[in-house]
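Here is a friendly walk through one structure, written for someone who likes to see the cut-offs. Please keep the viewer open as you read.

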Amino acid sequence: MTYRIVADSSSNVYELKGTDYRFVSLTINCEDKEYVDTPTVDVNKMIEDLKASSAPTHTSCPNMMDWLNAFEGADCIFAFAITGNLSGSYSAAVRAREEYLQQHPECKVYLLDTLSTGPEMRLLVERTAQLIADGKSFDEISAALTKYHQHTHLLFCLCSLDNLVKNGRVSQAKAILAGVLGLRIVGKASAVGTLEELRKCRGEKRSIDGIYDEMKKHGYHGGKVRIAHCQNAPAAEKLSDKIRTDFPAADIQLEACGALCSFYAEEGGLLIGYED
Ligand code: X90
């Protein structure tokens with residue numbers, strides 16, 4: 001019995017040591033350039049190139065065949081997709097699961113619309129790897145994941161919503177608010193997998209304080225935290241230090257956003273996945 005974990009690249013998980021793991025890429029397109037989200041993308045250069053170009057930029061999700069290829073050869077699959085409310089990745093994965101189960105009726109596919117992205121997806125992937133390592137059955141793991149998902153959350157802090165607005169992922173009205181100089185939008189992935197604004201903060205210190213306040217308000221009490229930043233390691237470290245003053249033993253890890261998350265989170269952006 002082979003177990004495999006598959007997630008789309010919005011999770012920023014490109015490899016998982018000791019686990020049969022595959023990712024399926026989203027893509028960023030600008031004029032004649034294409035950035036397929038893999039760990040080899042030079043994200044800093046991508047951001048510079050996109051800044052220098054005035055052409056419209058858009059993104060595209062993996063298609064059914066991308067997911068299907070990632071499933072191929074495994075008996076039991078656990079698959080995680082970016083919120084279906086903002087991307088077609090989950091729909092493509094649904095079709096891939098149907099196809100895969102038709103071709104291999106003996107196989108099993110657990111597929112989750114994470115209603116989220118980035119580091120919350122990482123938490124789900126990591127938990128899955130742990131459950132597999134613990135020798136749990138497909139059904140036990142599926143039930144545990146559905147339950148665990150109720151206790152994982154995503155917050156974000158963004159300095160700009162430009163790319164989200166330009167690509168129709170949040171309304172223009174929100175963009176006008178975010179456009180006010182020096183304001184950062186702290187928000188969360190809503191229950192239906194959309195961006196929900198929680199507060200506007202001026203400056204980095206206030207926004208880090210704001211994020212941590214929101215975490216506590218939403219039930220954080222020392223669980224795992226994964227922070228993905230777009231060219232903003234210092235802010236991620238400050239948030240991590242702040243959490244550790246209350247919870248010195250907390251399992252916190254920081255990472256740089258991959259291509260897709262960097263494109264939408266934009267320079268300075270933070271994505272925070274945490275357990276309540
Ligand atoms: O299918 C596609 O082309 C991809 C579209 C993805 C759009 C959203 C990406 C968001 C990345 C931004 C802040 C956190 C958002 C919370 C989501 C519920 C990160």
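Glutamine 231 sits in the loop between S11 and H9. Its phi is near 50 degrees, a positive value in a residue other than glycine. As background, most residues other than glycine have a negative phi.

Leucine 115 also has a positive phi, near 55 degrees. You will find leucine 115 in the loop between strand S7 (108-113) and H4, and at 28% relative accessibility it counts as partly exposed. Helices (H or I, at least four residues) and strands (E, at least two) are DSSP runs, numbered from the N terminus.

## How to read the model

This is a predicted model, in which local features need pLDDT of at least 70 and side-chain atom pairs count only at pLDDT 80 or more, while totals for chains, interfaces and linings use all residues. Residues are numbered from 1 along each chain as its sequence is written, and side-chain values use heavy atoms, with hydrogens and water left out.

Asparagine 232 belongs to the loop between S11 and helix H9 (233-246). At 10% relative accessibility, asparagine 232 is buried. Its side chain reaches the backbone oxygen of glycine 268 at 2.9 Å. Setting aside neighbours within four places in sequence, asparagine 232 has Glu204, Gly268 and Leu270 in contact, where contact means heavy atoms within 4.5 Å.

Asparagine 29 is found in strand S3 (residues 27-30) and is buried too, at 14% relative accessibility. The side chain of asparagine 29 makes a polar contact with the side chain of glutamate 34 at 3.4 Å. A polar contact is a pair of N or O atoms within 3.5 Å; within protein, one must be able to donate a hydrogen and the other to accept it, and residues adjacent in sequence count only if both atoms are side-chain atoms. Not counting residues up to four places away in sequence, asparagine 29 touches Glu34, Pro56, Thr57, His58 and Ser60.

## Salt bridges

The structure holds 17 salt bridges, each defined as a side-chain nitrogen of Lys or Arg within 4 Å of a carboxyl oxygen of Asp or Glu. One of them pairs lysine 224 with glutamate 126, the closest N and O atoms being 2.9 Å apart. This pair links distant parts of the chain, 98 residues apart: lysine 224 is in the loop between helix H8 (204-217) and strand S11 (225-229), and glutamate 126 is in helix H4. Lysine 224 counts as buried at 19% relative accessibility, and glutamate 126 counts as buried at 16%.

Glutamate 197 and lysine 200 form another salt bridge, with the closest N and O atoms 2.6 Å apart. Glutamate 197 is partly exposed at 25% relative accessibility, and lysine 200 is partly exposed at 36%. Arginine 199 forms a salt bridge with aspartate 213, where the closest N and O atoms are 3.7 Å apart. Arginine 199 lies in strand S10 (residues 195-202) and aspartate 213 in helix H8, so this pair ties together parts 14 residues apart in sequence. Salt bridges that share partners join Arg122, Glu126, Lys224, Arg226, Asp251 and Glu255 into one network.

## Around the ligand

Which residues come nearest to the ligand? Of the 17 residues around the ligand, they are Thr59, Cys61, Leu86, Ser87 and Ala189; a residue is near a molecule if one of its heavy atoms lies within 4 Å of it. By class, this shell has ten nonpolar, six polar and one charged residues. Here Ala, Val, Leu, Ile, Met, Phe, Trp, Tyr, Cys and Pro count as nonpolar, Asp, Glu, Lys and Arg as charged, and the others, Gly among them, as polar.

An oxygen atom of the ligand is 2.6 Å from an N or O atom in the side chain of threonine 59. For the side chain of serine 87, the corresponding distance to a ligand oxygen is 2.7 Å. The protein covers 99% of the 550 Å² of accessible area that the ligand has on its own, with areas taken from the Shrake-Rupley method and a 1.4 Å probe. Strand S5 (57-60) and strand S8 (152-158) are the elements that give two or more residues to the shell.

Terms used. Buried < 20%, exposed > 50% of the residue type's maximum accessible area, 1.4 Å probe, protein only.
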